[in-house]
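Please open the model in your viewer and keep the sequence panel beside it. The tour moves from one selection to the next and says what is found at each stop.

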Amino acid sequence: MKKILIRKKLLNPKVEKRLKHLFMTMVVVLLILPITGYSQEKISLELTNTTLKTALANLKAQSGVNFVYNTKEVNDEIYLTIQAVDKTLDAILTELLKSTPYTYEKIKDYILITVKKQEKKQPVLKSISGVVLDEENIPMTGVAVILEGTSTGRATDIDGKYQFGNNIPEGGILVFSFLGYESQRKVVGASSVIDVKMKKKEMEIEGAIATGMFTRRAESFTGSAVTIKGDDLRRVANQNLIIGIKNMDPSFVVTENIEFGSDPNKLPEIQMRGQTSIPNLRGDYEGNPNQPLFILDGFETTIEKVYDLNINLIQSVTLLKDATAKAIYGSKAANGVVVIETIPPAQGRLKVSYNAVFNINMPDLTSYNLCNAAQKLEAEVLADKYYSPNPLEQATLNEQYNELYKEVLRGVDSYWLSQPLRTDIGQQHSAYIYGGDDAMRYSASIGFNRVQGVMKGSDRKTISGNVSLFYRWKSLSFRNSLSVDNNNSNNSLYGSFSEYANMNPYWRIYDENGLLIKSYGNNIYNPLYDVTVGGKDRSGYNMITENFYGEWSPIDNLKITARLGIAIQNSESEEFKPSNHSSYLNIPVWDDRYITRGQFTKSSAKLINSALDAGINYTLYKNKHVLFTNAIFSISENNTESYAITVLGFPSDKLDYIGAGNNYAEGKPIGSESTTRAAGLTIAMNYSYDNRYLMDFSWRLNGSSQFGSKNRFGKFWSAGIGWNIHNEAFMINSDIMQMLKLRASIGYTGSQNFSAYQAIPSYNYITNQIYNGDMGLVISSLANEALKWQRQLDRNIGADLQLFKIATLRLDFYSNITKDLLADISIAPSVGFSTYKENLGETLNRGYQLGSSFRIFSDNTNQRYININFNLAHNSNKVRKISEALKAYNDAVDAMKEDYAMTNPSLLKFQRDPSIRFEEGQSLTSIWAVPSLGINPVNGREVFVKRDGTTTYEWSAADQVVCGDSNPKYNGNVGATIGWGGFNLNFAFTYRFGGQTYNSTLVNKIENVDINNHNVDLRALTHRWNTPGVEAKFKSIRDYTTTKTTSRFVEDLNEFLFSSISIDYDLCHLKLFRKSVFERFKINFNMNDIGRLSTVRVERGTSYPFARTFSFGLQANF
Amino acid sequence: MRKHITYIIIIAVFLSLFSCNKWLDISPKTEIKESENFSNEQGYKDALTGVYLLLTNSSLYGRDLSYGLVDVLGRQYTDIPSSSMYYYLSNYDYSNQLSINLIDAVWNSAYNAIANLNTLISYIDDADPSLFTANNQEIIKGEAYGLRAFIHFDLLRLFGPSVKIGADNLAIPYVKTMGKELSPILTVNQVIDLIIADLQIAEDALKFDPIYEHSTINNWDDNWMRNRELKFNYYAVKLLQARVLLYKKDYSAALSAAEEVIGQTTYYWTPSSEITTTTVENRNRIFAQEMIFGLNIPSLRDDYSSWFSSSSALLKSDYYWGQTYETSLTGYGADYRYVYLTYYDPTAYKRYSLKLQQPESSISTYSRRLPLMRFTEAYYIAAECKLKTTGVSEAVPYINTVRSKRNIMIELSLDFTEAQLQNEIFKEYMKEFVCEGQLFYYYKRTDASSIMFYGGVFSKNKYVLPIPLSELANR
């Protein structure tokens, strides 16, 4: 009793001192006399309503025994009544104190009166609940809450909540632990709510793995998944989520688009862990067949939505890479899964967060190396443009040359490249408010993002708003999130950038009067002219996303969840070319087509995705066993519909409305429709024993309308095991290794990016012909009712390490075999059709990934630290099996490559650039070309090596061999984060080594160039052969033949790219701001695509140039 | 309570999984699902119409199996320029890529039409009769079986060896099922037997055809039953039976089938006034009343003008036209088929066929129709059967009847030798079936050692067109 009292007092030293003093003065010592055998003496005591003090004095008088008590404890002014005759002292005392809260005790020679000691009763059991938050007040999921010394435990839910039933003793200690955070111990006191704020450990590893369906504790998870925090993403790219992920993890590969550069309206092409599917040659697939699955807040979403997502709302992004992590998505998961979670509404008083970013986009033309006017004219002379054996013609040519030469002397040197470009400021604003109490929380956000492309007039505007509500009532909780997005994109009316690169610099842009020159003869028009006539090339969409979550925990550790998501997107695009556009300039007035000049194409698309799922989560803690079990049943329907119409004949360029057109273009309206449905049952289990031995298992039954009716349901599974060696007795508290986890997984996933109706036997109406008045329909294709998903066997072995408390390492080896690739099978035409879709092909992707981070220096008190991270990935790809139909495709391409009569520019591309070849045992990214010995210095012709080793001047498709691989051997990122008294500095680099590239822009700017009409690379003048006997890298300048794929242009591509730098500072570190309303006032500066070291000089951004981005941002929380 | 809830959820999940199968069955909007299409009568009608539309394809009867490829092989054209895609075929060079493309397209399109028929047949055989108006089920079934036999027979005559020398040699697959499973390549005789079997089913079903004289049913679906000559009707089945049986050399059976066609009264001789009319636009060049089966091809007017003109490919020299119609003989020059169905362009010195010409204002019953089976063929078959069985004297009258209707008033003698009369029958095939493709099949059936108007050396193995490589490679 005293002890407890004292401990309580210890809480405040001042109070304690005062109490001690009181205690000393109040102890009353009545008398000090020896007592012997007093208990045997019979005494009597008869009192009525006498104080205890009097009664004791009476007894002392009779027995001679001293009484001692503390007046603080014992109220001696209470009135008592007693009738005792001839009793022992003991009996009298017992009788006397019976009705009081006091008792007595014989100590040596006196009797101590104290408050009755409570009997040793059971401790009070109570219910405890609470919320676990991290330092930023964000709820933490999966935190283990364990009653010390027992096996009673809970894990926090998605909102950071935990709840114990009536089983926690008062005075017990709850231990809160989470990987990467310092454990917290809380004594259970009077309150039944214990909220905890977790503090990060010095080294942060990672916490929970959000799989989109449920959350797993990272420590017990055996899959390969990488979680990137929102803050880290914003540090490397404050405008676009996809760039951010790319800069953080090398397995997330965004294909660099040499053609479209930084065009804000081109959606990126993404793949994870290599190319699994055969490229979309015949429209078998919808979109990019290698694209990973995107899950936003638990629901599948489009890449467009991810691309336009407000990065300030991101809580975390998790990349699910191996079977254990992604098999829960079954037939859609083979290409990997990207799980994006947005910030949920948090508890607290109303808070506002505001973000603004100003982006400066500057065109990056460093890869261009074009001739100036004088150089271009010189090149033309070398190319014999002004030479003719016919003297009459020669005279005309001389005149032409002299005219241009005079222009050059006059100083005409037009820099066409800069004409369509601009440096402009894009803006991004977003505001976020949130608050609420335990029962009800809310958040609302609004965002505006305007990306200004570097080509004049091209931009992309997104306005988005979101309202989230969270409501809890007893064991039920709900969350509702409604988002509205509006997007508007304009493409530049300046057309393709390549047109400007093609223009000769000796041509003036404006004439003497400052008017735009329309045409330069030879059907070459000033590309700036079309801008002056106006037009439209815009698109946009409106999207509404409604997500609802409900959760019910009828008993402890059991949770029943339900989710409903609906997304509706309406898109529209318009393209208008007025009648005075250059493409109509040479239609004479008497021509029938004159009236149909001007063209308006309008297209409209609608997308409705809905998904519903219901799940049960059960967590079992028993001794050292922890078992998480989830079962989720889900159904979804995706529907898209689109159509486009083209109208011709807009007499005036002012009539830029489709209704003003004269007539429809020939042919039918274009349209498509697709509906897919899917249903699935997922069961996932995670078991751990003593946090040492780990196991994951998942199974999914997946049904989809895209599969043939004979193969409606697919089963997918995964199994993973892991061992937390650091939790073994011999490793605990090791100074060298704080973490060592080994894990391995295997499992099947699928991919089904193919068109919706390939497996359904169906008829098509013949709409353009009738038979004697009757309509008819015919079978559209030989449907394969056994068609199924592509299957991928994923195998992964990995390890997670933490060394010397400063380094974390993550290593993964994988081997993925994709089977049953969709392929066209040739079939005997007597069955009625010549091809048939079958699951046949097989590819193999193998590789490894290393992720690491090091805390080189850290000084917490002064907020100083230096962190370095390094990532490396390697992937190799191999085709194991292909169909005959694809082999036939190779032959068809070869035939086209051989054809010398080719003039169609789109087909010419086939001859100039390497094409994909399907050969078993080769990679899909192999570069096929004819080996070349270079240019013969005698005649300037290229010497090729035939397959039999002999040399020839003739290019032949049969001599093509693999000359390289466009897939790098290694790629990755290096980055550093430095903190210094409130300043944060971040660098990110990406690199690739060991791959090749076919420098097609080089060959097309130096050799395959129409030197008479277009501007050329400077090297066409300086490095092409023109004197016999002089060695040259490029063939004769007078040789106008097409240079076909040759090993001469296969170059090793090693690259080191300075991809981003950012610096931020929180002004709240300044005294000035400390007492302001701001909790945080952060300013930052960020720069993207800063510079590149590369072994290859390639003209990048042919249709749309690349850009460098500088951005300034501020973030204020109050 | 809690246990109950768990059970209810588990049961609900499983129930919904079972009902999933149906839910996962989706109907495309731009296409009609096969099973849905055959859930009502209109679907059956549309699927059958679809086959007729496929037959109008230029690789099938819309060109190559009427006036195109087969007539080129039968040398109905002698002046094909070397720039034409038919040039190599007209010289029996089947290995040239242009020839291969044409031949492969015939094979592929024909089997595609057969696949469509097989799907229709598989559904109609088991269809619920209550779906159909009147006797439409029987009629659709009859037409489908009849067409399957019809297409297979022409494939047999192109890609199989001549029955005369290779009846037991492998010819073509007879495909009766829809799916990716291959049907075996059968011998000529086996194919013929299957054709005869299909035709028997067709004949029985088409006893309900309103065009059949002895049909006692009269509550037919009027609109669907219009223009029976554009559908594979009862008499088309009979005439095809006669064709096939003659090919099989079953003369008595062929004769009785031919006699039934000759004896009916629905089709009759085209009145000469319609042929000789001075209103050129109204001239009945296809002899519409005699057309037992033909196709409605809306684009025929344009197709005609692109293939038949003094500057086009499908030309026969004026001299050979003279030889064809024996214009040097007295009385033969008046043949309507020469006078009214060919045209000499005096400026270009070229003569070409007018049979398929479709002037803008021509009468609807003559226009946009491509004849494929003709009344007169029954006369020729009957004559040939009589010739082989009872002799020349009973055969001659059939030919004379035709000749008189065509305005050749000189009667053939009853004293002709068998060979002489056979030759007259051959001449009739040549004169009558211009643009109808039957002449080449005559050469092949009789295993003639030469082809008229072909100057080069003809080898009999040219009677067999090569089966496409894609077929052989994937078997």
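Begin by selecting S762(A) together with K33(B), which is the bridge partner of S762(A) in β1(B). These residues belong to a pairing in which β39(A) and strand β1 (residues 32-33) of chain B run in the antiparallel sense over 2 bridges; two strands are said to pair if DSSP finds at least two bridges between them, and strands are DSSP runs (E, at least two residues) numbered from the N terminus. The model is a predicted one, in which local features need pLDDT of at least 70 and side-chain atom pairs count only at pLDDT 80 or more, whereas totals for chains, interfaces and linings use all residues. Residues are numbered from 1 along each chain as its sequence is written, chains are lettered from A and ligands numbered from 1 in the order in which they are written, and side-chain values use heavy atoms, with hydrogens and water left out.

Next, select the residues of each chain that touch the other: 54 residues of chain A are in contact (heavy atoms within 4.5 Å) with 58 residues of chain B. The two chains bury about 5000 Å² between them, with 64% of it on carbon and sulfur atoms; buried area is the accessible area (1.4 Å probe) that two parts lose on being put together, summed over both. Within that selection, colour Y763(A), Y771(A) and N772(A), which supply 16% of the area that chain A buries against chain B, more than any other three residues.

Now show the side chains of R226(B) and D774(A), which form a salt bridge with their closest N and O atoms 3.3 Å apart; the term stands for a side-chain nitrogen of Lys or Arg within 4 Å of a carboxyl oxygen of Asp or Glu. Between chain A and chain B the count is 2 salt bridges. Returning to strands, select β39 (762-771) of chain A, which gives the most to the side of chain A that touches chain B, with 8 residues.

For the last stop, move to strand β26 (residues 424-436) and strand β27 (residues 440-452) of chain A, which pair in the antiparallel sense over 10 bridges and form a hairpin with 3 residues between them. Here A431(A) has I446(A) in β27(A) as its bridge partner. Continue to strand β28 (residues 459-473) of chain A, which runs antiparallel to β27(A) and is joined to it by 13 bridges; the hairpin of β27(A) and β28(A) has 6 residues between the strands, and G457(A) in the turn has a positive phi of about 85 degrees.

Conventions:
Helix = DSSP H or I, 4+ residues; strand = E, 2+ residues; numbered from the N terminus.
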